[in-house]
Amino acid sequence: MDLSVSVKSNLDNFQLNMSFETNSKRIGILGESGSGKSMLLKYIAGIFSPDEGKIMLNGEYILNSEEKINIKPQDRDVAYMFQNYALFPNMTVRENIEIVIEGSKEDKRTRANHLMNKFCIDNLSEKKPGELSGGQQQRVALARIMAYGPKVILLDEPFSALDGNLKEKMQVELEEMLNDYDGIVIMVSHSKTEIFKFSDEVLVINHGEIIEHGNTRELFMSPNTREGARMTGIRNILEASVDEDLVLHVPEWKLKIPLEEGFSTRENIKYIAVRGKFLKILEDDEKGENPINIEVESIYEDMEEFKVFFAIRGDDNNLLDESANVYSFRVKKDGKHKTLTKNTYLRLDFDKEKIIYIEN
Amino acid sequence: MNELLEVIKNLDWSPLYISIKTAIVATIMSFFIGIHLARKALVYGRKKRALLDGIMSLPLVLPPTVAGFILLLIFSKRRLVGSFLLDTFDISVVQTWLGCIIAATVISLPLMYQNARAAFDQVDKNLIYAARTLGMSERMIFYKVLLPISKPGLLAGTILSFARAMGEYGATSMIAGNIPGKTGTISQAIALVIDDGNYLRAGTWVVIVMTISFVIVYSINVILNKK
């Protein structure tokens with residue numbers, strides 16, 4: 001299974017220009033709403049056509065604007081699951097599934113029965129979509145897609161129509177339901193956790209362009225761009241530079257960090273990023289490796305941890321200015337830190353091994 | 001009271017049959033042509049669709065007599081289409097029941113078209129896109145998804161078309177005339193008897209046409225909404 005896409009389009013508020021190749025089976029596309037990620041899916045499905053471009057699936061063009069190839073969506077073998085699941089409201093669950101199956105009445109019935117059983121919706125077979133919950137609708141939509149049996153399944157924000165609890169449940173369920181499907185599944189989402197859980201390979205999209213592409217785990221560990229770092233959930237992204245003496249300057253945090261020998265390959269560094277979970281609170285008597293002086297701005301508390309938003313303190317012990325950036329770190333609620341108070345001063349430290357270097 | 005009974009006893013019922021017959025045939029024609037054109041509008045580009053919308057709103061905004069005049073121009077035996085129909089198929093439109101049907105269809109068609117078009121437009125486009133990516137043919141999507149979901153709008157269009165066809169006067173009087181027993185519809189009968197100053201007979205017809213229209217519109221509603 002391989003998919004290669006190269007599309008260009010002039011959309012209302014931006015240029016869409018994306019190219020990628022992949023042979024993964026579970027691909028995530030991460031991007032904010034309006035970044036062009038749903039449009040990319042619609043081009044692959046053939047629902048819309050880009051101004052120009054080529055899309056090749058398993059060695060065959062399903063779109064090639066130069067050669068005037070543009071296979072109809074009906075013949076592409078690419079199924080699209082919409083955010084609202086797009087179940088036909090005039091049909092029962094069974095009819096929704098049977099209508100995409102080719103063959104005799106009996107074939108339809110048997111295959112629909114099998115799928116409804118597999119997806120645990122047999123008890124809903126005579127219900128209309130309007131009578132189903134969001135999670136049930138999603139299961140029906142997926143059963144319908146499986147009934148059709150496409151080579152590629154496109155999931156457009158599959159969980160955005162569900163509420164909190166159900167969302168997490170369905171994330172697990174969806175993966176289970178797709179377990180024995182061996183075609184390509186592409187999921188589009190603005191949620192980094194959904195994409196991280198689901199995909200082996202990820203594309204990060206910003207303003208119509210692919211800014212990051214790679215193995216999901218590696219890319220989340222060390223994104224290559226500032227936007228990519230932001231979208232994979234890093235809040236502490238700082239301007240930085242390395243001088244001739246291999247010292248890393250981080251003016252926003254007032255740090256000068258000497259780097260080890262052999263770092264010369266990293267001379268184009270523009271930013272560094274530090275994940276909040278790697279920032280530790282220093283006790284009064286600890287010196288620390290890279291200490292920063294902060295003031296706690298606000299605290300978000302849940303069962304296990306505090307998420308603390310902070311600003312850097314100036315040399316005269318006042319805050320730099322009102323518009324100073326707000327960063328964040330996380331602390332586990334353990335013996336040492338049972339409570340944290342707003343507007344208190346703290347010292348934080350981090351291991352320079354944990355720094356993510358960003359060149360773009 | 002006696003006078004009224006006398007009127008009813010001597011009433012020529014032909015305008016009633018002619019009106020109902022005309023309205024039924026015209027509604028059926030409008031139903032199919034209107035839905036067909038509204039479906040075409042879905043796939044047309046912006047300009048072509050605007051043109052179709054424009055043409056389809058003309059009979060709504062122009063006086064029916066203007067439509068009647070244009071129909072006369074087209075179907076007059078001395079003109080191209082009219083003489084062709086007469087010579088080749090021995091069909092004549094002017095001063096015949098066919099004229100009634102054509103006039104009523106032309107006048108009622110825009111109502112069917114506009115309602116069908118609005119109904120189709122309201123259907124969630126994602127349903128159609130999803131159906132396409134699931135391999136369903138355009139034909140299947142139209143009959144199994146688009147039409148059933150649009151039913152309420154199509155129903156409204158059908159009822160309005162029928163009502164309009166039943167009451168058609170202007171265009172009909174110009175192209176079909178008012179030949180008693182042949183092209184004389186209720187609307188024309190009412191106009192004629194009022195001209196004669198016979199208000200009782202006119203009133204009788206008014207009550208009849210109101211009752212009939214109501215019963216038919218009500219029945220269509222009940223039948224089509226049953227499912």
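**View 1. Arg94(A) in its helix.** In this predicted model, Arg94(A) sits in helix α2 of chain A, which covers residues 93-98. Is Arg94(A) buried or exposed? Arg94(A) counts as buried because 20 other C-beta atoms lie within 10 Å. Setting aside neighbours within four places in sequence, Arg94(A) has contacts with Ala112(A), Ser125(A) and Glu126(A). Take a look at Arg144(A) too: its C-alpha atom is separated by 9.2 Å from that of Arg94(A), although the two are 50 residues apart along the chain.

**View 2. Where chain A meets chain B.** Here 17 residues from chain A and 15 residues from chain B make up the contact. On the chain A side, β7 (78-81) and α4 (134-148) are the elements that give two or more residues. Of these, β7(A) gives the most, with three residues. By type, the chain A side divides into 13 nonpolar residues, three polar and one charged.

**View 3. The largest nonpolar core and Tyr80(A).** This core holds 113 residues. Residues with the most contacts inside it include Tyr80(A), Met81(A) and Leu154(A), along with Ala103(B) and Ile175(B) from chain B. Helix α6 of chain B (residues 97-122) gives the most to this core, with 14 residues. Beyond four places in sequence, what does Tyr80(A) touch? Its contacts include Leu41(A), Ala45(A), Ile47(A) and Leu154(A) in chain A, and Tyr129(B), Ala130(B) and Thr133(B) in chain B.

**View 4. Another core.** Apart from the 113-residue core lies another, of 21 residues. Among them you will find Ile237(A), Ile272(A), Phe329(A) and Leu348(A).

Definitions and conventions:
Residues are numbered from 1 along each chain as its sequence is written. Chains are lettered from A and ligands numbered from 1 in the order in which they are written. This is a predicted model: local features need pLDDT of at least 70, side-chain atom pairs count only at pLDDT 80 or more; totals for chains, interfaces and linings use all residues. Two residues are in contact if their C-beta atoms, placed from the backbone, lie within 7 Å. Helices (H or I, at least four residues) and strands (E, at least two) are DSSP runs, numbered from the N terminus. Ala, Val, Leu, Ile, Met, Phe, Trp, Tyr, Cys and Pro count as nonpolar, Asp, Glu, Lys and Arg as charged, and the others, Gly among them, as polar. A nonpolar core is a set of buried Ala, Val, Leu, Ile, Met, Phe, Trp, Tyr and Cys residues joined through C-beta atoms within 7 Å. A residue is buried if 20 or more other C-beta atoms lie within 10 Å of its own, exposed if 12 or fewer, and partly exposed in between; C-beta atoms are placed from the backbone.
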